[in-house]
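Here are some notes for a colleague opening this structure for the first time. Please read them with the structure in view.

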Amino acid sequence: MTNLVPGAVTLDTLKDIYRNLTPARLDDSARAGVEAAAQMVADAAAGEEAVYGINTGFGKLASKKIAPEDTETLQRNLILSHCCGVGEPLPEDKTRLMMTLKLLSMGRGASGVRWLVIHQIEEMLSRGVIPVIPSQGSVGASGDLAPLAHMAAAMIGAGEATYNGQRLPSSVALAEAGMKPIVLGPKEGLGLINGTQFSTACALAGLFDGWRMAEASMVIASMSTDAIMGSTAPLIADIHTLRGHAGQIDVAREMRAIMDGSVIRESHRDDDQRVQDPYCIRCQPQVVGAALDVLRMAAKTLEIEANAVTDNPLVLVNEGRIVSGGNFHAEYVGFAADQIALAVAEIGAIAQRRVALMVDPTLSYDLPPFLTPDPGLNSGFMIAEVTTAALMSENKHLANPCVTDSTPTSANQEDHVSMAAHGALRLKRMNDNLSVILGVELLCAAQGVEARAPLVTSDRLSHVIAHLRTKIETLAEDRYLAPDIETASAMVRAGEIAGAAGLEVTP
């Protein structure tokens, strides 16, 4: 169980929740602030003055005053009417992360919900009652309204949830877990569905997976460099310190260390007729280093957003006021998602060129055509390279910015939106594509290094190849390659390649 202090949760904690499905709950220190704000909302609901979201309608209907006796119905109707999501359900890891982010936001004591609401989310996480959240339907404007409404519906016994691997009506799932639906009080439905937690959870997942891809690319690029007998001169430290970018310096440093001791490298220091390697070998630190720094910028934004209060209206306890604002607008998340997408696309673009380099006998420095020992009768990695080209191109299209694609909604009340939700959702597909590109590069690079026998690569890269060969044999003759590609890409996604090389770069 992870204890969360609202406003102070780190990316490492959130990554653990995402990777390991770790349940979380708020630190007790948050309770006093939460209850003080809830009391202000209760007082406002009992009063005569119209306060948005508490005793009024919503959005364009904010001018409609609601009687105190209809408050519970108002909140329930809000949730049910906003359950308009469509598409594939969000995976459990992202759903749990989204629920955790909602805890953090409400735990800041500005949402006006009772501790009962927070406790319901905590218990659902602890007991494994996970709402079924359709992945499409948010424009990232007045919060991720539809996805968060499906989460809230499960809390009140509507909609669906999974429990013990079964998809059930949420009322059944709650009952089987020994829980009961809650009845929402004033503003609580609005507090649950306003916010950027769906977009932020998906963007964080894209960030965590993208960072893992970047780490793997450093290892695999080092192996590719040895496979084509590339030069390590472009990795010397002075080149990179003269430019000064942290990511570039980091990538060059790690690649130097990974390749240290390679007999292959030492074999061609003298009398090599090539003057310079292609950019995909020579400029890996500059390209992936830039991607690292872009991911780091996105990480800073998302860490702030994960700890932020993003619903509306906000209960300012210290000032004794309940005020409307626009913190639910997910523009920050949209920009971060677009940054991550660009980084992922570029890591794949340069990796794909290394695959093309290794299979081309005119460029690979005497490696066999398409990396097969018996070319002609066998095609080797010919079409695996074509697959990487297809996925690289797909990622280029997917990397087009989403945050600039605003459209008005809700009778023009919400007339500028962030599109952060699908900007963040597309990162899963992009990272999966990238894992295949890197997986194919890994297969080609290992095959290329082995073709240099009796010369051997560095100890760290030898360890990576040995780990790979426990799951995938060397390609001696053509075989059904799809399972090999899936296994290699799964190893990349799981962090096995960077792990086998002993690589971990600080975000």
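This is a predicted model: local features need pLDDT of at least 70, side-chain atom pairs count only at pLDDT 80 or more; totals for chains, interfaces and linings use all residues.

1. Tyrosine 163 stands opposite glutamine 166, a residue of strand S7. The hairpin of S6 and S7 has two residues between the strands. Asparagine 164 takes a positive phi there, near 50 degrees.

2. The pairing of S6 with S7 (residues 166-169) is antiparallel. Four bridges join the two strands. Alanine 161 also has a place here: leucine 168 in S7 stands opposite alanine 161.

3. What does S6 pair with besides S7? Strand S4 (residues 130-131) pairs with S6, again in the antiparallel sense, over two bridges. Proline 131 has alanine 161 of S6 as its bridge partner.

4. Put together, the three strands make an open sheet. The order is S4-S6-S7, with antiparallel pairing. S4 and S7 stand at the edges and have a single partner strand each, so one side of each lacks a neighbour in the sheet. In general, the strands of a sheet pair through backbone hydrogen bonds.

5. Now look at the side chains of S6 (residues 160-163). Which of them are buried? Ala161 and Tyr163 are buried and point to one face.

6. Step back to the whole chain. Its secondary structure comes to 20 helices and nine strands. The radius of gyration is 26 Å, close to the 23 Å that the globule rule gives for 507 residues, so the chain is as compact as a globular protein of that length. The C-alpha trace spans about 90 × 50 × 40 Å along its principal axes.

7. How much of the chain is buried? Of the 507 residues, 55% count as buried. Consider also the contacts with a separation of 6 or more: 78% of them are between residues 24 or more positions apart.

8. Last, the surface and the charges. The accessible surface of the chain is about 20,300 Å². Carbon and sulfur atoms account for 53% of that surface. The chain carries 40 positive and 59 negative side chains. The centres of these two sets lie 2 Å apart.

Terms used. Residues are numbered from 1 along each chain as its sequence is written. Side-chain values use heavy atoms; hydrogens and water are left out. The radius of gyration is taken over C-alpha atoms; the globule rule is 2.2 Å times the number of residues to the power 0.38. Buried means under 20% relative accessible area, exposed over 50%, partly exposed in between (1.4 Å probe, protein chains only). Contact means heavy atoms within 4.5 Å. Accessible areas come from the Shrake-Rupley method with a 1.4 Å probe; for residues, only the protein chains shown count as cover. Lys and Arg count as positive and Asp and Glu as negative; His and the chain ends are not counted. The place of a charge is taken as NZ of Lys, CZ of Arg, CG of Asp or CD of Glu. Two strands pair if DSSP finds at least two bridges between them.
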